[in-house]
Amino acid sequence: MSNPGVSMKAWVLREYGEPVDVLELAEIPVPEPQPHQTLVAVESVGIAFPDLLRIRGQYQITQPLGSPPGSELVGRVVAVGSEGGFEIGTRVIGIAQIGDGALADFALIPTREACAVSEQM
């Protein structure tokens with residue numbers, strides 16, 4: 001599910017707690033998009049209250065340890081799954097799923113959870 005030998009920097013969750021105490025900058029594999037996913041080179045990330053709850057282990061859906069948190073992002077499409085979607089280079093805004101977080105160089109997003117945005121956004 002990842003590109004062998006290709007890695008990226010990401011903030012990963014090592015244990016549950018306060019972000020400053022439990023997030024660690026690490027090298028992890030760059031994921032490959034599945035059929036209905038888009039791989040985005042992350043430019044900007046929004047951290048929302050649910051992201052903080054996931055990092056603390058207080059959200060109703062558990063954030064997997066060892067994965068990057070963060071859901072809201074803006075970036076450029078670098079790869080698409082076999083079902084297609086966006087052209088490479090398209091600037092998009094989207095929502096990463098839990099475990100595929102946006103606090104990384106690259107993030108997977110469901111193609112249906114993304115839309116093209118202008119350069120000014």
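## Fold and cores of a predicted chain

From the N terminus on, the protein chain runs β-α-β-β-α-β-β-β-β. That makes two helices and seven strands. Helices (H or I, at least four residues) and strands (E, at least two) are DSSP runs, numbered from the N terminus.

This is a predicted model: local features need pLDDT of at least 70, side-chain atom pairs count only at pLDDT 80 or more, and totals for chains, interfaces and linings use all residues. Residues are numbered from 1 along each chain as its sequence is written, and side-chain values use heavy atoms, without hydrogens and water.

Overall values for the protein chain:

| Property | Value |
|---|---|
| C-alpha span along principal axes | about 40 × 35 × 25 Å |
| Buried share of the 121 residues | 40% |

Buried means under 20% relative accessible area (1.4 Å probe, protein chains only). Contact means heavy atoms within 4.5 Å. Of contacts between residues at least 6 apart in sequence, 66% join residues at least 24 apart.

The largest nonpolar core has 11 residues: Val40, Val42, Leu73, Val77, Phe86, Val92, Ala96, Ala102, Ala107, Ile109 and Ala114. At least two core residues come from each of β3 (37-46), β4 (72-80) and β6 (106-110). Apart from this core lies another, of nine residues, including Val12, Ala26, Ile28 and Leu39. A nonpolar core is a set of buried Ala, Val, Leu, Ile, Met, Phe, Trp, Tyr and Cys residues joined through side-chain atoms within 4.5 Å.

Phe86 belongs to the largest core. Leaving aside residues up to four places away in sequence, Phe86 touches Thr38, Val77, Val80, Val92, Thr111, Ala114, Cys115 and Ala116.

Definitions and conventions. Buried means under 20% relative accessible area, exposed over 50%, partly exposed in between (1.4 Å probe, protein chains only).
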